[in-house]
Amino acid sequence: MTPIFDDGRFARRLLIVKSLGVTLKRSKRGWMWNQFFLLEEYTGSDYQYVGKLHSDQDRGDGTVKYILNGDGAGSLFLIDENSGDIHATKRLDREEKAYYTLRAQAVNKKTGWPLEPESEFIIKIHDINDNEPKFSKDVYTASVPEMSDVGTSVIQVTATDADDATYGNSAKVVYSILQGQPYFSVEPDTGIIRTALSNMNRESRENYQVVIQAKDMAGQMGGLSGTTTVSITLWDVNDNPPRFPQGVYQFSAPESTEVGSPVGKIKATDADVGKNAEMDYSIIGGDGIDVFDIVTDTDSQEGVITVKKPLDYEKKKMYVLKVQVENIHLDPRFLSKGPFKDTATVKITVEDVDEPPNFERPSYVMEVKEDAPIGSIIGSVSATDPDASRSPVRYSIDRRTEMHWLFNVHAGNGSIFTLEALDREEHSWHNISVVATEFNPKQSSRVPVYIRVLDINDNAPTFADVYETFVCENAKDGQRIQTVSAMDADEPVGGHKFFFSLAPEASVKANFSVRDNRDNTAGILTRRSGFNRLQQSSYLVPVVISDGDYPMQSSTNTLTVHVCACDRDGNMKACSAEALLRSAGLSTGALVAILLCVIILLMIVVLFAALRRQKKKEPLIISKEDVRDNVVSYNDEGGGEEDTQAFDIGTLRNPEAIEDNKQRRDIVPESLYPPVRRAPVTSRENTDVRDFISQRLQDNDADPTAPPYDSLATYAYEGNGSVAESLSSLGSATTEGDHDYNYLTDWGPRFRKLADMYGGEDSDRES
């Protein structure tokens, strides 16, 4: 099979070989072939002709049939089975598929047997310049420092072309700048954008839009092109120094402005931004450099002037400051542009404010002797009005600090004097506050005054303790029996110095002596041998103690010595009870305290017992219907109608109850008199009430604790449960039987009225 190409080349011939005893015929083949060439993007109306296949076995008699298989066979590529012509049915794009692999074979139409082996060939698509260059981004963003040198690299842009780079110049791209000159340039081959102008200042222009073009065909005419935009920003460098917008600033501050409070703010301008615009303020000169300070507000980059020391209008009314501002972050490349600092003058006027009086001292310390007479001046305070008006000042003492009224101050001159006698031993220091007040307007201030009361020798020394000791009957002469010490409420400057001696009146025929140890102690010694406790059980030793201060003070103190029987070693064997207690360490004060405690405890126990005995008993019956009717006799001495609590009718309510120790509320408690034993009253059913009442009358008549008057107790109880039943007249009308009240006549003249009332009614009913 011989393909016919449009370039006139021939393919190899087909051979017939003999193998395995089978004789094969070798047929001639055309020259070796392997590919067709076809231009892409065909625009004709007919099918595009690719090439022609022809077999040497084809003799033109129509017995040979050509078959095509492979990529696009039957759809994209068609072959004429009689002539072997191949056509492309569609427009091909090399960028989609650069080549197609197909297989061709010639067969006999009648038998279908292949006339030649199947041959493989390639249809390669030839490229044309049908794709423009494309950038990787539509918009690029870049930045470069301001004031950069010419040729400083900014960014590199890249464009690609889909055409075949191995065939012609369709994919060879060249870069050029369409917009952004004369500030920037681009390298044609690499697409690197560089600065083209020196000293580009961000403060003048910060953003630039640069348009870059990429063109294929090596930039020749007819080539395709694409563009992109590059947004370039100049970022700031510290190329501008700070500057004050004005040379002089003026502020005012009241003299009462507190230390640390702001007075005013100043701000320098800097064309730079960010850290390149950070500034630092300082005071470098002026007469207020020690009075004011300036700090930098890092947020607003302002200089805040504050008060460093208290202001005083009367001393200085105006201050002048020289303030400097400078950049913190400097760029050495631009130091040649001049110093990156600036100065300004700040004038601060102090305003007058009405101030309280000022004391000459922050505090006063005064001294006064404790024996100073009342009215003695111990010192003075002084305060003046610092204002120009020099208003008079009046002094007073804050009584909240001096509530005992020991001192006072003269309202006009500030002299402090005593109002009462002082006692150092009670209070050695007095802390008071003196107030100074202006007359107009009312402004005041106060100052502490510390008054120390100086000691004088006005107290005599005494024994440091209550001394009592014992001496053995067999004591020897000169034997030490006690060591005593002294105390003094005074506090001399050089310390205490005490002297001990025996009282002169006891020096004659003294049994004991006093030896001064010269260390503020003294020893008590015996002056004879042997004592007899039967003749004298105790001795009183008067000891005179004097101090060494002026005027000398002294006192006589008594030491009690008890005589006791001792063994040979000096151990006490027998002594008086008082001496034993003393030896045990119990003083008279301790014994008195113990005795008082015991007496108080006994009184509490007795009082508690008495209260328990007087506690009232609960009534036997508690009811809202408890009715007590008292008939009071007015024809005899007695309590009258107010005597409503003379008797208790609890027994009548429950006759079987026995109350052995019933107290009456109208008499002295029976604890003061022996109680009267009452015979128990037994109540049986149907017991006559007359017997019950008669028994009670006899008991009352025989009771020695009865009051000196007569009264009638009516025992009446309405309700159920009483053995004596109800005595009330309210239930008489409902009683079925009649009662006989004739026995009332036997009760004497006191019950005559009742006998007439009830007995008469019985007579009427009988009549």
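Visitor: In this predicted model, which residue forms a salt bridge with E402?
Guide: A salt bridge requires a side-chain nitrogen of Lys or Arg within 4 Å of a carboxyl oxygen of Asp or Glu. For E402, the closest N and O atoms of the pair are 2.6 Å apart. The partner of E402 is therefore an arginine within that cut-off, namely R399.

Visitor: Is E402 buried or exposed?
Guide: Buried means under 20% relative accessible area. E402 has 5% relative accessibility, so the residue counts as buried.

Visitor: What is the distance between the closest N and O atoms of R424 and E425?
Guide: R424 counts as buried, at 9% relative accessibility, whereas E425 is partly exposed, with a relative accessible area of 28%. The two residues form a salt bridge, and their closest N and O atoms are apart by 3.1 Å.

Visitor: R424 also forms a salt bridge with E491; how many residues apart are the two?
Guide: The closest N and O atoms of R424 and E491 are 3.6 Å apart. R424 lies in the loop between β31 (415-418) and β32 (429-438), while E491 lies in the loop between β36 (480-487) and β37 (498-502). The pair thus links distant parts of the chain, and the separation is 67 residues.

Visitor: Is E491 buried or exposed?
Guide: A residue is exposed when its relative accessible area is over 50%. The value for E491 is 55%, so this residue is exposed.

Visitor: Which residues are linked with R202 in a network of salt bridges?
Guide: By the 4 Å rule, the count comes to 20 salt bridges. Some of the charged residues are linked in a network. Together with R202, its members are E203, E206 and D236.

Visitor: Which cysteine forms a disulfide with C472?
Guide: A disulfide is a covalent bond between the sulfur atoms of two cysteines. The count here comes to one disulfide. Its sulfur atoms are 2.0 Å apart, and the partner of C472 is C566.

Visitor: Is the link of C472 and C566 left-handed or right-handed?
Guide: The angle about the S-S bond is -80°. The link of C472 and C566 is left-handed.

Notes:
Residues numbered from 1 in each chain as written. Predicted model: local features only at pLDDT ≥ 70, side-chain atom pairs only at ≥ 80, totals over all residues. Heavy atoms only, no water. Buried < 20%, exposed > 50% of the residue type's maximum accessible area, 1.4 Å probe, protein only. Helix = DSSP H or I, 4+ residues; strand = E, 2+ residues; numbered from the N terminus. Disulfide = S-S within 2.5 Å.
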